[in-house]
Amino acid sequence: MDFRTRCARGAGVVDDVGRPLAPPIVTASTFAFSSQEDVETYYTSGRGWLYSRYGNPTVRAAERLLADLEGAEEAALFSSGMAAISTTVLALVRSGERVAAQRELYGGTVGLLRDVLPSLGIETTWLGLDEITSLAPDRLAGCRLLWVESPTNPALRILDLAAAARTARAAGVLAVVDGTFATPALQQPLAMGCDLVVHSGTKYLGGHGDLTAGAVAGRRDLVDRIAASRRALGGIADPFAAFLLQRGMRTLAVRMEAHEQGASAVARALQGHPKVRRVHWPGLCDHPDHALARRQMAGFGGMVSFEVEGGAVEAERVHDRLRLFAKAASLGGVESLVSIPARVSHRGLDPAELERSGVSPGMLRLSVGLESPKDLVADLLEALG
């Protein structure tokens, strides 16, 4: 063949890759077939690979790992946590049906439910965390999903997921849990009777601040419907992000242990400080859901929120004085991060919505990373002055 053809069609493919310990990356956007008969077999059987918007071997490997960690029949990977959330809702809820949602949710989820879905004929019934577990079934009439989050962002309240699942089941509603803060290392919503669990894989699952991804896991029939909508909407994860996500999940257990050790040291150092009004961490005995967290979770996690005396002005002062806590959105990575929820993750909420979500102007949210807890505590105490 001509030199130009050999360049374009180089024979660098290795069919036998052995047994690599690190998962391989398949970056191809499209896959070749030997004949039209093979193409037809793909469409009739659903096996094999055609186009990476439909499915990709590296993405599939990450989905299988997450499904295993969650104890799920199936999982689907997305380009972001919000892609996972929006596709899940659009796949399972039709125009004229409703979503029942906990008020204490991530601000992006609130924005989707409040600002986007009503134009598609999907309204939301808002519920307080403390009323969900004792709802009469008729309160969920017309609803298709019960959408909850535990631990909550950023107030770190804990919802009784088994009771929420029973409430949903009695009303014929699907229970969906945002488990981003806990991860499957600390909490297993499916084992407690919930139907689906969603994640921002950008956070703890990835764990290194170098990818954007989302995921949903649960019953196969539900995840298959969501994956079909993903194909149409185009929100599948990129293969390289899926590769990084696999890498992150392989160290999830040990990372969550280290995050929790740091969070414990930070929370206990802040507790009782004269300039700190309140500390939110489920591992503290005075947390309102401490007993539930001990019963429901395998650990208390790496997120800590605290409220300072002096409100918004003092929160900004402490935020700006921190040196080791990077001033950044997101969470769950190696580096410790700080943000002011009322002005970042929950910026789009009005004062009444912020109050209902447990977000005060003087609250700071900490994602405790993998640095020395001693250094992190020293940084916080110095910032508080």
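This is a predicted model: local features need pLDDT of at least 70, side-chain atom pairs count only at pLDDT 80 or more; totals for chains, interfaces and linings use all residues.
Ala, Val, Leu, Ile, Met, Phe, Trp, Tyr, Cys and Pro count here as nonpolar, Asp, Glu, Lys and Arg as charged, and the others, Gly among them, as polar. By that division, the lining of the largest cavity has seven nonpolar residues, two polar ones and no charged ones.

About 50 Å³ of space lies in the largest cavity. Its lining is made up of Pro151, Leu156, Phe181, Ala182, Met297, Phe300, Gly301, Gly302 and Met303.

Most residues other than glycine have a negative phi, and most peptide bonds are trans. Pro151 sits in the loop between β4 and α7, and the peptide bond that joins Ser150 to Pro151 is cis, with omega at about -5°. Pro154 also has its place in the loop between β4 and α7. A cis peptide bond joins Asn153 and Pro154, where omega is about 5°. Leu156 lies in the loop between β4 and α7 as well; its phi is near 60°, a positive value in a residue other than glycine.

Strand β4 belongs to an open sheet of seven strands, ordered β1-β7-β6-β5-β4-β2-β3, with mixed pairing. Strands β1 and β3 (123–127) are at the edges and have a single partner strand each, so one side of each is left without a neighbour in the sheet. On average, and with direction ignored, neighbouring strands of this sheet are turned by 20° against each other. Within the sheet, strand β6 (residues 196–200) pairs with strand β7 (residues 214–218) in the antiparallel sense, over five bridges. In this pair, Ser200 stands opposite Gly214 of β7.

Helices pack on this sheet. Helix α7 (residues 161–170) touches β4 and β5, and its direction makes about 150° with that of β5. Helix α4 lies across β1, β2 (98–102), β4 (143–149), β5 (174–178), β6 and β7. The direction of α4 is at about 150° to β6.

Helix α4 also has a helical partner. Two packed helices are described by the angle between their axes and the distance between the axes. For α4 (residues 81–92) and α5 (residues 107–116), the axes come within 11 Å and cross at roughly 35°. The crossing of α4 past α5 is right-handed. On the α4 side the contact involves Met82, Ile85 and Ser86, which meet Gly108, Thr109 and Leu112 in α5. The residues of this contact divide into three nonpolar, three polar and no charged.

Helix α9 gives the most, with seven residues. The pocket lining divides into twelve nonpolar, four polar and eight charged residues, whereas the lining of the largest cavity has no charged residues.

A further open sheet has five strands, in the order β8-β9-β12-β11-β10, and its pairing is mixed too. Its edges are formed by β8 (276–280) and β10 (326–327), each with a single partner strand, so one side of each is left without a neighbour in the sheet. Strands of a sheet pair through backbone hydrogen bonds, either parallel or antiparallel. The bridge partner of Lys327 in β11 is Val338. Helix α11 (residues 252–270) lies across β8, β9 (303–308) and β12 (363–367), and runs at about 15° to β9.

Met303, one of the residues that line the cavity, falls within β9 (303–308).

How values were computed:
Residues are numbered from 1 along each chain as its sequence is written. Side-chain values use heavy atoms; hydrogens and water are left out. Axes are lines fitted to C-alpha atoms, for helices over the stretch in contact, and angles run from 0 to 180 degrees between N-to-C directions. Helices (H or I, at least four residues) and strands (E, at least two) are DSSP runs, numbered from the N terminus. A crossing is left-handed if the near helix is turned anticlockwise from the far one by less than a right angle, and right-handed if clockwise. Contact means heavy atoms within 4.5 Å. On a 1 Å grid over the protein atoms alone, a cavity is a set of points where a 1.4 Å probe fits but cannot get out, and a pocket is an open set with protein on both sides within 12 Å along at least five of seven lines; lining residues have an atom within 4 Å of a point. Grid points are joined across faces, edges and corners, and a volume is the space filled by probe spheres set on the points. Two strands pair if DSSP finds at least two bridges between them.
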